Amino acid sequence: MLYKRNPQLNKNGELIHLLSIEGLPRDVIHHILDTAGTFLSVNEREVKKVPLLRGKSVFNLFFENSTRTRTTFEIAAKRLSADVLNLDIARSSTAKGESLLDTIANLSAMHADMFVVRHSESGAPYLIAQHCAPHVHVVNAGDGRHAHPTQGLLDMYTIRHYKRDFTQLTVAIVGDIVHSRVARSDIHALSTLGVPEIRAVGPKTLVPSDLREMGVRVCHDLREGLKGADVIIMLRLQNERMSGAMLPSAGEFFKNFGLTPEKLAWAAPDAIVMHPGPINRGVEIDSAVADGAQSVILPQVTFGIAVRMAVMSIIAGNEA
Amino acid sequence: MLYKRNPQLNKNGELIHLLSIEGLPRDVIHHILDTAGTFLSVNEREVKKVPLLRGKSVFNLFFENSTRTRTTFEIAAKRLSADVLNLDIARSSTAKGESLLDTIANLSAMHADMFVVRHSESGAPYLIAQHCAPHVHVVNAGDGRHAHPTQGLLDMYTIRHYKRDFTQLTVAIVGDIVHSRVARSDIHALSTLGVPEIRAVGPKTLVPSDLREMGVRVCHDLREGLKGADVIIMLRLQNERMSGAMLPSAGEFFKNFGLTPEKLAWAAPDAIVMHPGPINRGVEIDSAVADGAQSVILPQVTFGIAVRMAVMSIIAGNEA
Amino acid sequence: MLYKRNPQLNKNGELIHLLSIEGLPRDVIHHILDTAGTFLSVNEREVKKVPLLRGKSVFNLFFENSTRTRTTFEIAAKRLSADVLNLDIARSSTAKGESLLDTIANLSAMHADMFVVRHSESGAPYLIAQHCAPHVHVVNAGDGRHAHPTQGLLDMYTIRHYKRDFTQLTVAIVGDIVHSRVARSDIHALSTLGVPEIRAVGPKTLVPSDLREMGVRVCHDLREGLKGADVIIMLRLQNERMSGAMLPSAGEFFKNFGLTPEKLAWAAPDAIVMHPGPINRGVEIDSAVADGAQSVILPQVTFGIAVRMAVMSIIAGNEA
């Protein structure tokens with residue numbers, strides 16, 4: 001075989017799984033964002049419900065706990081009229097020694113239609129997509145340090161909403177990039193959508209230098225990183241993920257890389273400030289910025305539901 | 001400002017949140033009870049479902065665990081056709097250091113319609129109601145020692161059902177009053193509804209003496225407290241809430257304040273016996289009373305679903 | 001009273017609870033299997049949903065945790081359009097000292113329609129069925145070592161599907177029979193359905209000798225047990241249930257009783273291999289068998305949803 005087909009797309013190039021933004025064609029990304037736009041109005045109606053996934057069984061398989069992310073998928077699926085099953089995987093058969101693939105085979109045999117998968121191991125959603133029955137669709141809700149594609153897509157929706165044209169933008173991603181699957185998904189999306197200047201900003205210990213090979217400009221100085229930026233994506237300082245002493249202290253980090261109104265002034269005057277949440281006030285972002293006029297952190301959450309509805313309805317409609 | 005408007009009511013005096021019975025006008029309480037009456041018949045139908053909250057997203061935010069109370073709200077919301085999201089708050093973002101108000105802002109941004117809040121801190125539901133978006137409604141499902149308004153309302157429904165007229169009644173509330181948010185909610189409701197004699201009955205350590213300022217008669221002798229009572233509300237002995245030695249022992253408590261058939265004979269012959277559940281048989285109440293002809297403990301549970309349906313449908317229909 | 005009526009059947013002999021296969025008439029079993037057949041097609045539709053339990057409240061009461069079994073009942077109930085309430089019993093009122101029967105009385109008072117009960121104590125579902133209100137139906141989802149009737153029924157569905165006629169079959173049940181409620185349910189079902197040769201196969205410590213009184217042939221040699229068998233039901237080695245040293249080691253068990261392709265050849269050439277899952281690969285069954293052409297382990301899972309839909313819809317339609 002000369003090439004390995006992107007496992008997310010069927011032979012017509014239609015999305016059947018969402019595993020990673022890496023390798024997604026630009027038109028597929030724009031189709032998702034366009035579809036999300038139509039769902040945004042559904043979420044503002046009196047009756048926030050469309051019957052697109054009625055009678056479908058969506059399984060939330062969270063091998064790694066994340067109440068917030070699970071909730072966003074659960075709302076999205078219920079507003080599409082799906083039946084949602086939350087599996088408390090930590091306490092289930094896997095604890096009895098059943099393998100991941102046996103669990104998946106069993107749930108597929110129950111006529112599952114979709115798995116929303118969160119896993120601490122990078123690649124787990126790929127493995128599941130490769131082995132599940134052809135009628136089952138897989139959405140990656142975050143795998144290890146690898147990818148968090150729905151977060152990446154909602155970030156793109158947000159940028160497109162406020163800035164319209166990707167091809168003139170300078171986007172700065174700031175903070176703990178090495179541990180961030182969000183940063184990785186954002187960089188792939190921004191590249192595909194034609195953003196000319198993508199910057200990765202943070203201390204040396206938290207910014208992998210091989211990002212340069214992806215066309216990313218690496219900055220270890222915040223002033224340089226923010227200068228003239230149109231979009232600033234602050235990352236969460238993943239305290240719970242840090243092992244050892246990769247940075248001196250939260251206070252030191254805030255002094256050098258925390259976003260305050262003064263530092264925000266280095267960016268373009270109409271720059272927007274984004275954050276995947278939950279925010280650490282006073283660690284990576286000052287409350288005056290998080291709650292300020294340039295913050296679009298809460299609109300990101302709103303767009304996130306619409307983007308997840310778009311992804312779920314699109315893949316459910318395409319055959320393997 | 002000369003007065004602070006009741007945060008539960010909009011400018012037309014309509015209920016938009018249910019935070020506490022304190023300050024609720026008598027006609028608002030009767031409107032809730034009347035509405036509950038219509039839902040009681042829904043719960044007896046073959047198809048226990050009305051479409052009043054169809055397409056609405058109701059979030060159960062239980063910062064303090066209570067499977068029983070959560071279940072009653074979940075049933076009520078589902079019978080109103082709402083989408084219900086149960087958030088396991090203890091394991092979610094708050095654990096990652098996110099503030100209560102950031103959690104609320106995020107969920108509001110997901111186009112939540114209603115928060116059902118249980119919290120160990122008194123006042124938490126007020127704080128949430130003050131800060132959430134105008135389209136969101138808040139129901140207090142128990143906050144600290146402060147209030148448990150739906151329990152208070154279902155108690156009023158029960159009393160009205162069996163006794164019709166509040167203005168001739170003697171109501172005795174018996175037991176651990178100092179730790180009881182139910183007692184506080186009941187006392188406010190009974191006062192508002194015109195009950196002429198409200199008694200708080202229990203040992204000195206468990207009955208706050210400032211109740212007298214609320215027009216409550218404090219009795220430290222059970223015989224005096226029960227004499228001629230038309231309604232007896234037994235409280236649960238909150239073993240899990242007692243710190244230190246406020247009472248000698250469960251056995252001693254039962255001897256002095258546990259309700260037995262002999263002691264029940266001191267009350268009016270047609271007195272009803274209520275309890276918010278779960279009951280401690282042989283601690284605050286004897287099985288012969290709990291299961292006896294005068295007990296209305298299980299009807300309280302039935303009425304509770306209808307009252308919660310009433311509250312949720314009323315507030316969802318009123319604009320801030 | 002000269003006889004005690006089967007508590008699962010009403011006076012017309014119709015199923016109102018499913019507590020055990022023991023005592024179920026043959027025509028009732030066949031009626032369940034026939035009904036399951038109609039639901040199998042529902043599960044293959046685009047919209048996997050029928051309105052038979054619309055507006056009904058189904059409570060999953062899992063006093064013993066089993067995510068997998070709970071999930072199968074939750075899917076089945078949702079595909080019947082019921083409202084499903086999952087009670088985390090371990091953390092609920094029972095933890096506050098409320099008795100099982102008080103919990104049941106409370107949930108019944110909420111107008112529950114059905115309890116799906118899993119309990120580590122044999123007989124708990126019977127106790128609940130005896131004490132719950134007449135409008136409530138009980139399904140045993142596994143009680144102690146006693147019974148697991150829906151597993152037994154889905155096993156019968158599987159055998160009927162592949163073998164059609166029960167009256168010519170040799171069925172071998174292999175492994176840890178003494179700890180297995182599945183084995184007990186299967187033996188009752190196979191007897192009732194007229195299977196002429198039922199074999200219980202395993203080491204002496206894991207096969208109760210009193211099975212002979214039930215007409216079962218006990219074999220302590222796997223070759224003897226499998227010889228000419230048309231159906232092989234492998235049981236899970238319940239490591240988590242074994243107390244003390246009833247068997248030497250998993251390796252030793254596999255050598256003597258683990259099913260490999262070589263040993264499978266002792267059975268009839270068209271024998272089917274069943275397993276209730278989750279499987280322990282390399283302990284009771286070799287992967288080559290579990291994933292092989294004679295394995296019907298995944299079809300069992302598919303049939304299980306249809307059988308549970310059948311049981312729930314049948315009992316909900318019959319009055320006590």
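In this predicted model, 55% of the 320 residues of chain A count as buried. The chain contains 11 helices and 9 strands, and its C-alpha atoms fill a box of roughly 55 × 45 × 45 Å along the principal axes. For 320 residues, a compact globule would have a radius of gyration near 20 Å; the 19 Å computed for chain A therefore agrees with that expectation. Among contacts in chain A between residues at least 6 apart in sequence, 75% join residues at least 24 apart.

The relation between copies comes next. Two copies of a chain are related by a rotation about an axis and a shift along it. Here, chain C is superposed on chain A by a rotation of 120° with 0.0 Å of shift along the axis, at an RMSD of 0.0 Å. This is the relation of a three-fold axis.

In soluble globular proteins, nonpolar side chains tend to be buried together. The largest nonpolar core of this model has 315 residues, and those with the most contacts inside it are A:Phe115, B:Phe115 and C:Phe115 together with A:Ile232, B:Ile232 and C:Ile232. Leaving aside residues up to four places away in sequence, A:Ile232 touches A:Ala172, A:Val174, A:Leu226, A:Leu259, A:Ala267, A:Ala271, A:Val273 and A:Met274.

A local example of burial is found in chain C. Helix 4 of chain C, residues 124–131, has as its buried residues C:Ala124, C:Pro125, C:Tyr126, C:Ile128 and C:Ala129. What covers these residues includes helix 3 (100–109), strand 3 (114–119) and strand 4 (137–143) of chain C.

Notes
Residues numbered from 1 in each chain as written. Chains lettered and ligands numbered in written order. Predicted model: local features only at pLDDT ≥ 70, side-chain atom pairs only at ≥ 80, totals over all residues. Buried ≥ 20, exposed ≤ 12 C-beta atoms within 10 Å, placed from the backbone. Helix = DSSP H or I, 4+ residues; strand = E, 2+ residues; numbered from the N terminus. Contact = placed C-beta atoms within 7 Å. Rg over C-alpha atoms; globule rule 2.2 N^0.38 Å. Least-squares fit on C-alpha atoms with pLDDT ≥ 70 in both. Core = buried A, V, L, I, M, F, W, Y, C linked by C-beta atoms within 7 Å.
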